[in-house]
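Please keep the sequence and the 3D view open as you read.

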Amino acid sequence: MPSYSSSLICLSLLMTEFFHSCTTNDRKREIGDFAGQPGSWRHCLYFLSNSRNEYVMMYSLTVFENLVNKMWVGVASEDKAELRSCLPKLLLSQHALLPFFIRNKLCKVIVDIGRQDWPMFYHDFFSNTLQLVQSPSLAPLGLVLLKMTSEELVCPREDLSVARKEELKKLLLDQIPTVLNLLTGILETVWDKLYNPQPIKTKPLPTSNGDSAPGSFLANGGSGGGVHGRTGQMVGHAERAKLGVMAMNCINELMCKNCVPVDFEEFLLRMFQQTFYLLQRLTNTHSHTNTHTIKNRLQDLDESYVEKFTDFLRLFVSVHLRRIESNAQFPLVEFLALLFKYTFNQPSQEGYLSCLEICSIFLDYLTTKIRSRLADSDSVVNRYKDALVLLLREVLNRIQFRLNQSQLEELDDETLDDDQQTEWQRYLRQSLEVVARVMELLPSQTFSVLFPVLQEDLDIYLGLQQFIVRSGPSRRLNITAEADCRKLHCALRDLSSLLQAVGRLAEFFTGDVFTTRFNDALAIVQRLVEVSCYGSQICLYDVEMAVPSVLKPDLIDVHAQSLAALQAYSHWLAQFCGEVQRQQDQTQFMDLITSSMAATTPLINAKVPEKLLLSACHLLVSMATTVRPVFLVSLPAVQNIFNLITENHNHRLPQEAQVLVCRALSNMLLLPWPSLPEAEQQWPNRSANHARLLSSLTHQYRLLPRPPSKAVIQQTLCVLKDLVDSISGEATKSRQICYNSLQESVQVTLALFPHFIQQPDVTDEMLSFFLTLFQALRVQMGVAFTEQIIQTFLSMFTRDQLAVSILQEGSSGSKVVQKFLKILQVVVQEPGQTFKPLLPSILSLCLDQVYPIVAERSCPDVKAEMFELLFQILHQNWRFFFKSSVLSSVQRTGAEELMENQAQFIAAMQAFGQSFLQPDIHIFKQNLSYLEVLNTKHKLYHRKLFRNTMLFHFLNVLLQVLLHKSHDLLQDDITLALYNMAAVDFQAFYSSFLPEFLNGCQGLDPHQRTTLARNFRPERVSEHD
């Protein structure tokens, strides 16, 4: 014992040194060597019992932890027994004196021993824990042990065999009824100490063995009656915030389980009846109070409690509503009314949006139910009609500034989130989604609620003209009083929101309901056209006004939203177009389109605010692309736009607007008119007009031999690329006309390419254009010209040029190489023999020029495209390497495989194999999937060359990756690939590969190698051979 005492003193000094900031890592390793010495745990047992130095205690427990988790198999039986006896005694005698983190680590060591030895060698492990739980003074310690036991034994680490994991799970499930009864008893005791109310009586559900304990349900992933009854009572007392939050956490954890036994549904009903009671309490109003008291009551509650209760309501509606809805004992309609009241009295915007999401989930559920029960859909809707109308009114009220200005002004309308939305836009979008869902269920009621509100704000907007006064050349809005300006601001913000709501509802007027709802839709579109024309005629964005920083953006937004709402009805207009062509009466339709263009085209001007300009451009694109009226191109307003774009080169629109307008004009001439036969499409005339359009657009670009400026190149190619992309999915005729018009510009671009090879930003734009061309107009370009383009690129991208570009990672140069590789991917996927002569050059570029540069560097973007190209070469051109046909393979029966280009095939496989040695998990996953596809489609792993020279190396690399856990996220993918590779020849895998692999594993003695090899089951070979 004296030696232990002196060792303890020395260890205390060493631990102080170990944790000192000046101690080097080498010195720490020297100090740590003690832990690995045989019998060191005996010293640690003494140290733990006799020291109060936290460093010493933590170090001693670490020694025990390593012993149990890493060396337990080699510990003598009597030493294990001593540890199983001593450590729990130590915990019981000193737990009150130990710091909590030392106590918890000691508990963890004891649980780790139980994980290894219970019940065979440590039969009283669990029963001792349960005894502690039942002891009033030791219950907290018992609960810590019980919590750790559930964590460590239910989901043990991978150091246990599958059989042991299953055994532990079964053992724990057998104990669940007992555990739940004990926990229920503790909850009741705590409850009785804190409160003494009349209990809510809940009858425990019988389990499969006849007991009243709720074990069978928890064994299936649910909850038990006793626990839930008491927890439900605690929830009712929000003033006990901590208990309330913990209780809600418990309930929500149980409620998120979707699979519940049938006999549990009765208890679910009782629990949700209690929920109904709780909602009543939270939202109760009396005659002498008003609704503000509900919001105040919710505001007084703990914020976390309200959040958890909202989560509970979401789980009820999304997971369990279908089980309860048809039960006559649950007042579902009244519950919805309370839910809506709870929603609209939320003290925070985040809480309100969370509740609104629950409402959306309910509406989705109701819509799905109605679609599946069309026969009695009216009765289902009528049941909820009043509640839905209430919801609609309240949601519309909550987005209106005239009713909620102070709250809505607090929402940020400038900072974009990850979804590229501001806080206000997210709030409005979520609200309008609820409106749209109600519209689907109650279309007429929705419009009867929405339109009076919309009309009220429209009257204010349309009446502004009378307040405009002229003062010389300028105009002024004669509204200056602060109250009037505030009222106008709110009305304009609300009108903007309501116009978005009208646009969101456009989808409910098309398709099968087009005829039945035609008059409503026509009235809406006519009103939108009227508002748009009004805005374009009086140009309120050009008027001087009081508080221009507030009112001018409001006026611009209303005008832009009226155009956007009209654009939303383009699909309805397209269906209308088809109908009137069949009826031969186009007057009404022509008036709508003509007026729409009259409202749109004056705004396509560089002097117009950008938001308004872009809304007009998008509407023009929709008219040209979606509606496609025959007469559109001949309208004077549209002809003005043609003249503006083709003649006024010195006053270009902003780039985004220029691209949109050019797309619209091109599509008017290229896209076939719907419902008209081919003979009436006027292709010759339209083709000539399109050629003139593009000739004018590219005039400056084509002024060779003098190269155009960088700005002209980028602007022109951006427009041309968009034009090509917009017709990529169209009929052959449209694409042919497009290419005929583009042909000269394409040749100019190819001629310019070598001059700008050192300017990656320009080269990037050129290659983006060529990539779009290859994807959309490959057939129209023809083989000879395509080959000329590829050869030009291959000659320009020398190894030095590639190195300069690639090593500027994330730069324009790197993007240029990616685009070039994407172009080659398109080429190698072309069926037939057309581009096969290019394969050797493309392979050489990949393997001899690009791969050596990226092999040992990160370059993830270039690598991903390069490996995609290699995969497509192999996948789409398999016979470039393996010449044998299916018939010759059958006839040869084991003869040599005919192979060509073997060196390139081997180099490609080596590149794939090398990628598995690198840390990039995305490249690893991508390339593993490529190999699996090649094996599925072409039997890669079975090919003689792969089997004899590569299979061992791939198996070895993938197994090493699994062992080192460097790519654990891909564990399933790697395991599947390993199995497929081994399945080529299981006999060789077990008899040859495994012994060699184990011999190469360091840290294993011969006995361990033999044991590991024996634990693989070669008897499964017969199943797969």
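Which side chains meet in a salt bridge at 3.8 Å, N to O? Arg115 and Asp112 do. A salt bridge here is a side-chain nitrogen of Lys or Arg within 4 Å of a carboxyl oxygen of Asp or Glu. Both residues lie in helix 6 (residues 100-117). They sit three residues apart, about one turn of the helix. Helices are DSSP runs (H or I, at least four residues), numbered from the N terminus. Arg115 is buried, and Asp112 is buried too. Buried means under 20% relative accessible area, exposed over 50%, and partly exposed in between (1.4 Å probe, protein chains only).

The pair belongs to a network of salt bridges that links Glu65, Lys105, Lys108, Asp112 and Arg115. By the salt-bridge rule, the count comes to 31.

## Basis of the model

This is a predicted model; local features need pLDDT of at least 70, side-chain atom pairs count only at pLDDT 80 or more, and totals for chains, interfaces and linings use all residues. Residues are numbered from 1 along each chain as its sequence is written, and side-chain values use heavy atoms, with hydrogens and water left out.

## Salt bridges across the sequence

The side chains of Glu433 and Arg504 form a salt bridge at 2.7 Å, N to O. Glu433 lies in helix 20 (residues 423-441) and Arg504 in helix 22 (residues 482-504), so this pair ties together parts 71 residues apart in sequence. Arg504 counts as partly exposed because its relative accessibility is 25%.

Glu730 and Arg628 also meet through their side chains in a salt bridge (3.7 Å, N to O). This pair links distant parts of the chain, 102 residues apart. Glu730 is in the loop between helix 31 (710-726) and helix 32 (732-752). Arg628 is in the loop between helix 27 (610-627) and helix 28 (636-647). Glu730, at 22% relative accessibility, counts as partly exposed. Arg628, at 18%, counts as buried.

## Packing of helices 35 and 36

Helix 35 (residues 799-806) packs with helix 36 (residues 812-828) at an angle of about 125 degrees, their axes 6 Å apart. Axes are lines fitted to C-alpha atoms over the stretch in contact, and angles run from 0 to 180 degrees between N-to-C directions. That makes helix 35 oblique to helix 36. Under 35 degrees counts as roughly parallel, over 145 as roughly antiparallel, 65 to 115 as roughly perpendicular, and the rest as oblique.

Helix 35 makes the contact (heavy atoms within 4.5 Å) with Leu802, Ser805 and Ile806. Helix 36 contributes Gly813, Ser814 and Val817.

How values were computed: Helices (H or I, at least four residues) and strands (E, at least two) are DSSP runs, numbered from the N terminus.
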